[in-house]
Amino acid sequence: MPSSRRAILGHILSGLCTKMNRTKSVPTDVMETPLNRCLNTFDIALLGIGHMVGAGIYVLTGTVAKEMAGPGIILSFVLAGFISMMAALCYAEFGTRVPKAGSAYVYTYISMGEFWAFVIGWNILLEHMLGAASVARAWSGYVDSMLGGWIGNTTLELTGGIHQPGLAQYPDILAFLVCIVYAAALAGGVKATAMFNSLLTLVNIAVMVLVISVGFWYADTNNWSEAEGGFLPYGVGGVIAGAATCFYAFVGFDSIATSGEEAKNPSVSIPIATVISLFVVTIGYILVSAALTLMIPISEINPAASLPEAFGQLNLSWAKYLISIGALCGMTTTLLGSLFALPRCMYAMASDGLLFSCFGKVNAVTQVPLLNLVVSGLLSACLALVFDLAKLVEFMSIGTLLAYTIVSASVIILRYRPIERIHTIRVPAMPTSPDDDDDDEDEDEDAASLSSMDTSSPTSEMIEEVLAGRLKTQFRCLEPLLGRFEPGSVVSVAVMLYIGLCFAICVELKVSWTQLYTGTWWALLIYGFIIFAASTCVAVMAVHNQNTRGLIFKVPLVPFVPALGIFCNILLMVHLDAVTWVRFFVWVCIGMVVYFLYGIRNSREGEVCSSYSILMTTSEAGKVPWGSFKGASSGGKKNSTGKHTIFERFTGRSRQSEDKKSIVEESENEASGYS
């Protein structure tokens, strides 16, 4: 009886493991979508710039400069921009590989499996909700500052304020209304939204140029002197902590990847728009931060409205009001970017069955998921009503950093996965005229079939198909150690171990920095061992052959660039407040309830796998069903296809030869065994 219970429990855990690790199949026609493909490269680049240049430059700059890094905020933005660029390159490669809404969620689903995809998607929803709420709160604060605090004082008199830790001083009615109004504006369609966003973004860029020019004209280098605290008044730790917060200013570039399903030619537009927008924004942040800290001492910076107040102290009233107009334009585009991306992420998860099916519907007239827009607008408005801006920003950063970490890891995993498992699709460009529609579709279908069947392809591509995920020729000496496993599996395990070791390195840096700095032997020994182990994991990845066929844009120096990005993301995550981690785990636990009660049972990938034709060619079909007497006639012979090693459970894969063995073949083998 105990053995029966163990068998039943093993069957349950086996099925659960299989479901959690199932990956999303890329559709043959990745350009087919109910959304409207109407955005060009210019629209998408301005969408990314508009999403990034908002509250980050007009509100966050003053807060970080005054309370965290001082003039060292310049280095904070350099570090945050560098880390964001590494993540952006990974997003750009995925955007050309899979031009679908959902951003990091879709990328993780294809590469790492359903469970991690849900975790990332669930945190992306929170990221965009918090992003919209924080920008609405900053928008309201700017208007209140221009009115001399009249809105805040009046609200306090009427409501008496909120006296709870972690919440705002008073309910922000204006921020609530701003979220509702802009969510309603987005219902008009993506093209109208893009035009409105482009206009406001150009105004915002012009104001940034004005701030930089006038700021450097009135610059005073004494504000960086030792008398004012020096360039790094809070030390190197302040720079790193400031970079973790400044990361909030760069989260908008993933809206570029989210717009992939509405781009005319995503294989070209996504990587170009990503690199251009991030480069422009990083340079802008660095120059504005330098201008602000050179104009006035950090002790006189007003975190709520740093730039207008700085120009006001210099008796430049005209510049103060121009900057306020630019700030409102910038924060409007950031708010639009968050409210643009949030409904589309909900749509992507609902289309896969991981969220409620009502969120997977698109309005036939506007080609926008209207219900998602209503729900996301209301939730963001409620958060903006009661939560404080600083808490929203800090809570938002941890989800963003986790998403960037998983996307970087996914790039490495897919690069070393065999060609037949990735289903790389060459994305066709949109037809230039309606008359060419049918011809282009026929050509695309022919190209897709030739790409998978053509035997006259170049020798290098044929070799790459065969060797993907296997050891390079010069490292054949490692064959007894690493060559015994399924191609690509060793790299997957090395990536997971590397992520864990990066957490250990960063925690060791934070907890034992004093011992490391003074050269304590035990701290140096532990730290040296962890660094050696992490370096070994990267070396194990590098000795395998990559698969780059069909990629129009590729991240350079894989696995080193994504691995460095993973380490930097984790370094910033470790420096976030402990309370933020607690809130993060509470949100993830809520997501786990949704996933295990609804998502895992309604997944579209589960529906595909449940069809009879698919079951006939899977190892799961060979297992004895519960309550069946089939096993009694086999004389207690164990089913070899039901066995999986710990390594296979960890990687979520089983032996390919066993997976493709049908029930009929297994029965024949059993019969032949008895004859």
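Of the contacts in the protein with a separation of 6 or more, 85% are between residues 24 or more positions apart, a contact being heavy atoms within 4.5 Å. The structure is a predicted model, in which local features need pLDDT of at least 70 and side-chain atom pairs count only at pLDDT 80 or more, whereas totals for chains, interfaces and linings use all residues. Residues are numbered from 1 along each chain as its sequence is written, and side-chain values use heavy atoms, with hydrogens and water left out.

The protein contains 30 helices and 0 strands. Both are DSSP runs numbered from the N terminus, with helices (H or I) having at least four residues and strands (E) at least two. Of the 675 residues, 53% are buried. Buried means under 20% relative accessible area, exposed means over 50%, and partly exposed lies in between, with a 1.4 Å probe and protein chains only. The accessible surface is about 29,100 Å², and carbon and sulfur atoms account for 67% of that area. Accessible areas come from the Shrake-Rupley method with a 1.4 Å probe, and for residues only the protein chains shown count as cover.

Helix H8 runs over residues 173-186. Its 14 residues reach 21 Å from the first C-alpha to the last, close to the expected 20 Å; the expected span is 1.5 Å times one less than the number of residues. Buried positions in H8 are Ala 175, Val 178, Cys 179, Tyr 182, Ala 183 and Leu 186. These residues lie on the same side of H8 because they cover an arc of only 125 degrees around the axis, where the arc is that of the directions from the helix axis to the C-beta atoms. Val 181 and Ala 184, on the other side of H8, are exposed. The cover over the buried residues of H8 includes helices H6 (114-146), H9 (190-217), H14 (317-351) and H15 (370-386). At the N-terminal end, H8 is capped by Asp 172, with a side-chain oxygen 3.4 Å from the backbone nitrogen of Leu 174. A polar contact is a pair of N or O atoms within 3.5 Å; within protein, one must be able to donate a hydrogen and the other to accept it, and residues adjacent in sequence count only if both atoms are side-chain atoms.

Leu 373 belongs to helix H15 and is buried, with a relative accessible area of 4%. Leaving aside residues up to four places away in sequence, Leu 373 touches Ala 183, Leu 186, Ala 187, Leu 339, Pro 343 and Val 368. Although Leu 373 and Leu 186 are 187 residues apart along the chain, their C-alpha atoms are separated by 7.9 Å. In helix H9, where Thr 201 is found, this residue counts as buried at 1% relative accessibility. With residues up to four places away in sequence not counted, Thr 201 touches Leu 46, Ile 49, Gly 50 and Thr 333.

Helix H14 has 35 residues, and the 52 Å between its end C-alpha atoms agrees with the 51 Å that it should span. H14 is mostly covered, with 28 of its 35 residues buried. Gly 353, which follows H14, has a positive phi near 85 degrees. Helix H10 (residues 235-246) has 12 residues, and its end C-alpha atoms are 16 Å apart, in agreement with the 16 Å that it should span. Buried residues in H10 include Gly 238, Val 239, Ile 240 and Cys 246.

Asn 153 is placed in helix H7 (residues 150-159) and is partly exposed at 46% relative accessibility. Its side chain reaches the backbone oxygen of Gly 149 at 3.0 Å. Asn 315 is in the loop between helix H13 (306-313) and H14 and is exposed at 68% relative accessibility. Gln 367 is in the loop between H14 and H15 and is partly exposed at 26%. A cis peptide bond, with omega near 10 degrees, joins Val 558 to Pro 559; Pro 559 lies in the loop between helix H23 (521-542) and helix H24 (560-574).

The count of disulfides is 0, a disulfide being a pair of cysteine sulfur atoms within 2.5 Å. Cys 345 is buried at 2% relative accessibility, whereas Cys 358 is partly exposed, with a relative accessible area of 33%.
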